[in-house]
Amino acid sequence: MVFGGLCASPGLPCAQADLDHVASIVTRSGTSFGRGMKVLPQARRQGMFAVYAFCREVDDIADGDAGVTDPAHSLAEWHQRIKYLFEGEARNALDRVLVATIMRFALKAQDFHDVIDGMIMDCGAPIVAPDEKTLDLYCDRVASAVGRLSVCVFGDTSPEARKVAYHLGRALQITNILRDLGEDAQRGRLYLPTELLERFDVPTVPTEALYAHGLDPVCRVLARRAQDHFRDAHHAMRLCKAKAMRPARMMAASYQPVLSALLKRGWKNPDQTLDVSKAWRATRAFIAYVK
């Protein structure tokens, strides 16, 4: 692979046009992710942009937003593409920056494959009331696997850092599930585990589950799990390199108010607007940054 037009900055050894292309994927997504990653040194920030751009592309395929006729086939092609990347073969701008990121931060191929497999779970028939084991596997693939890639780019490859990825990924994904029940129901999806739905007599039809009497206790059980994962993630962070864990601390600090607001509002009326102060979330993230 040839890196033409290398930039002389301390960033990744990539052509500036390639780096700009990857950054544009992050910018176009409208996510706050780009702003959050500004705390990272240049090479790590560029690496995280590449990881995010990869996640964005496979997620768009799974959600049907990429304009492909066969999402499952396109995701299978990404499996082969990852194999090529780890052999140093790159075919476009994102590939070239991903190869540089993989080499610089010793990323693991399995973590990329896990993310793709998580998207494959979402691109077929909608997930409806999975069993507990399947739900945990889904959370691992779509969230914790991203965390495993991220902590390496952040600068910590220790077993404790992988524990951060394990627990924080699950905490964030469960919070997303509890927040997005209505949006998911419109897509025919219901990520709440069938064991809890049966325990509290909640129907497995997504639109009916939204207004079932037992929905609130189901969600509170899951919310407590998320709280436990946040707690265990923070414990693992204390055993990691403090500077490397700065983005993870900021992410947790930004998300925990969402979970608190969900618990305060409850799920008796999941359509009710969630009251979360953006200023408070930003303040918590800043405090986490300076700790």
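Me: What is the mean pLDDT of the protein?
Reply: The mean is 91, and 91% of the residues reach 70 or more; pLDDT is the predictor's confidence in each residue, from 0 to 100.

Me: Where does pLDDT stay under 50?
Reply: Over residues 1-9, for which the model has 20 contacts beyond four places in sequence. A contact means heavy atoms within 4.5 Å. Where pLDDT is low, the predicted coordinates should not be read in detail.

Me: How many residues has helix 3?
Reply: Helix 3 has 22, residues 42-63. Helices here are DSSP runs of H or I with at least four residues, numbered from the N terminus. From first C-alpha to last, helix 3 reaches 31 Å, close to the 32 Å expected at 1.5 Å a residue; the expected span is 1.5 Å times one less than the number of residues. Just after helix 3, glycine 64 takes a positive phi of about 80°.

Me: At what angle do helix 7 and helix 8 cross?
Reply: The axes of helix 7 (residues 132-154) and helix 8 (residues 159-179) cross at roughly 130° and come within 7 Å. Axes are lines fitted to C-alpha atoms, for helices over the stretch in contact, and angles run from 0 to 180 degrees between N-to-C directions. Helix 7 is therefore oblique to helix 8: angles under 35 degrees count as roughly parallel, over 145 as roughly antiparallel, 65 to 115 as roughly perpendicular and the rest as oblique.

Me: Which residues of helix 7 and helix 8 meet?
Reply: Among them are Leu135, Tyr138 and Val151 in helix 7, and Ala161, Tyr166 and Ile177 in helix 8.

Me: And how do helix 8 and helix 13 pack?
Reply: Helix 8 and helix 13 (residues 246-265) lie at an angle of about 35°, with axes 10 Å apart. The residues that meet include Leu168 and Leu172 in helix 8, and Met251 and Tyr255 in helix 13.

Me: Where do helix 1 and helix 3 stand?
Reply: The axes of helix 1 (residues 16-29) and helix 3 come within 9 Å and cross at roughly 60°, which means that helix 1 is oblique to helix 3.

Notes:
Residues numbered from 1 in each chain as written. Predicted model: local features only at pLDDT ≥ 70, side-chain atom pairs only at ≥ 80, totals over all residues. Heavy atoms only, no water. Helix = DSSP H or I, 4+ residues; strand = E, 2+ residues; numbered from the N terminus.
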